[in-house]
Amino acid sequence: MANYYCLMAGLPDLKLDDTKFEVSIPDLREELDAILSSLDKKVLFYFFLKNDCSNLVKLLKDPAAEVDNHGNYSLEQYTDLLTSAREMNFNVHRYPAFMSEFARDYAYNKDKEGYYPEDKILYQFYQYAIDTCPNKMVRKWYQLNLDITNILTAFLARKNGWNVADFIQGENEVTEMILTNNTKDFNLAAEFDYVADLMKIVECEDPVEKEKKIDAFKWLWLEDQTFFNMFSIEAVFAYLCKLEMLARWDKLDVEKGQETFRQIIENLRGEARVPDEFQVKSPYAAKEANV
């Protein structure tokens with residue numbers, strides 16, 4: 001994969017407590033379309049596919065809904081996907097298979113108790129990215145996101161006396177431990193160093209601060225992964241993820257948001273450790289991460 005020295009050197013540095021940032025995802029995307037290799041465009045396809053999933057749910061709920069233009073597909077393509085999925089009993093190969101299946105099954109699931117289409121398609125998107133993305137770091141990113149979601153959900157379900165198994169998605173080592181262990185932390189802390197920090201996040205009563213802490217943890221993970229790859233497609237992907245986080249918090253109270261993020265980052269830098277299985281430990285390991 002290519003290195004993008006001029007691009008990354010010319011982009012402004014990002015900090016999690018930034019309230020004003022000089023570049024937007026649409027502007028950066030336009031620049032990327034002109035310079036990325038065809039292989040690297042396939043990697044970033046997954047970043048924008050998440051928006052396609054959100055748009056798909058919107059249109060399933062309301063065919064007249066207004067969709068954003070931050071995905072890979074146009075409104076005409078969404079219409080084609082929905083029409084084809086409803087009329088055919090096989091996957092529409094012009095689009096990821098899980099999207100066609102989701103669209104076809106939506107009518108049968110939408111009125112079921114406990115069915116949340118946004119959550120369902122997000123899990124399916126994570127699994128699709130984990131299974132098919134050609135870039136190792138990006139696959140790890142989506143695996144980390146899925147694992148964090150399952151761990152935080154498991155803690156929340158247990159705290160509220162709910163059946164944990166009803167809320168866990170996927171099958172891997174993390175989900176197996178959640179479903180088979182009755183210890184306070186599902187015995188996850190013994191296998192995953194970062195779980196202790198997630199437990200602290202669960203205990204946070206302020207939902208806004210909790211979300212900030214989750215983003216801070218992910219931000220540091222992205223920094224660790226790209227420390228030796230500052231001009232790679234991994235760094236481009238990480239930059240987009242950071243921009244996405246900043247955009248989410250753009251409307252927060254400026255002073256309070258900045259101070260909270262500073263405190264969170266400092267605490268995480270001192271206490272948190274990125275999971276070993278997700279770490280890039282040397283320049284040589286970083287090269288392997290491109291495979």
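Analyst: Contact here means heavy atoms within 4.5 Å. The model is a predicted one.

User: Which residues does I214 touch, not counting residues up to four places away in sequence?

Analyst: I214 lies in helix α10, which spans residues 207-226. Its relative accessibility is 10%, and buried means under 20%, so I214 counts as buried. Leaving out residues up to four places away in sequence, the residues that I214 touches are L152 and I201.

User: How far apart in space are I214 and T149, C-alpha to C-alpha?

Analyst: In sequence, 65 residues separate I214 and T149. In space, their C-alpha to C-alpha distance is 9.9 Å.

User: How many helices and how many strands does the protein chain have?

Analyst: Read along the sequence, the pattern is α-α-α-α-α-α-α-α-α-α-α-α-α. The count for the protein chain is therefore 13 helices and zero strands.

User: What share of the contacts with a separation of 6 or more comes from residues 24 or more positions apart?

Analyst: The protein chain has 291 residues, of which 45% count as buried. It exposes about 15,700 Å², with carbon and sulfur atoms supplying 49% of that area. Among contacts with a separation of 6 or more, the share from residues 24 or more positions apart is 66%.

User: Which residues are linked with D215 in a network of salt bridges?

Analyst: Side chains of opposite charge can pair when their charged atoms come close. The structure holds seven salt bridges. In the network that includes D215, the other members are E211 and R248.

User: How many residues apart in sequence are the parts tied together by E223 and K242?

Analyst: E223 forms a salt bridge with K242, with the closest N and O atoms 3.9 Å apart. E223 lies in helix α10 and K242 in helix α11, so the parts tied together are separated in sequence by 19 residues.

User: Which residues does K242 touch, not counting residues up to four places away in sequence?

Analyst: K242 is placed in helix α11, residues 233-248. Its relative accessible area is 11%, so K242 is buried, whereas E223 at 24% relative accessibility counts as partly exposed. With residues up to four places away left out, K242 touches L14, W219, L222 and E223.

User: Where do R94 and D80 lie?

Analyst: The side chains of R94 and D80 meet in a salt bridge of 3.0 Å, N to O. The pair ties together parts that are 14 residues apart in sequence. D80 counts as partly exposed, at 26% relative accessibility. R94 lies in the loop between α4 (75-87) and α5 (97-109), and D80 in helix α4.

User: Which residues form the nonpolar patch on the surface?

Analyst: One member, L156, lies in helix α7, residues 136-159. L156 counts as partly exposed at 39% relative accessibility, and a patch takes residues with over 30%. Together the patch members have about 280 Å² of accessible area, and they are L156, W162 and F167.

User: Which residues form the negative surface patch?

Analyst: One of them, E30, is placed in helix α2, residues 25-35. E30 has 60% relative accessibility, so it counts as exposed. The patch is formed by D27, E30, E31 and D33.

User: What is the phi of F186 near, and is F186 buried or exposed?

Analyst: F186 is found in the loop between α8 (173-180) and α9 (195-203). Phi of F186 is positive in a residue other than glycine, with a value near 60°. At 1% relative accessibility, F186 counts as buried.

User: What is the phi of N187?

Analyst: N187 is also placed in the loop between α8 and α9. With a relative accessible area of 34%, N187 is partly exposed. N187 is not a glycine, yet its phi is positive, at about 65°.

Conventions:
Residues numbered from 1 in each chain as written. Predicted model: local features only at pLDDT ≥ 70, side-chain atom pairs only at ≥ 80, totals over all residues. Heavy atoms only, no water. Patch = residues over 30% accessible without salt bridge, like charges linked within 9 Å, V, L, I, M, F, W, Y side chains within 5 Å. Areas by Shrake-Rupley, 256 points an atom, 1.4 Å probe, with all protein chains shown as cover. Salt bridge = Lys/Arg side-chain N within 4 Å of Asp/Glu carboxyl O. Lys, Arg positive; Asp, Glu negative; His and termini not counted. Charge placed at Lys NZ, Arg CZ, Asp CG, Glu CD. Helix = DSSP H or I, 4+ residues; strand = E, 2+ residues; numbered from the N terminus. Buried < 20%, exposed > 50% of the residue type's maximum accessible area, 1.4 Å probe, protein only.
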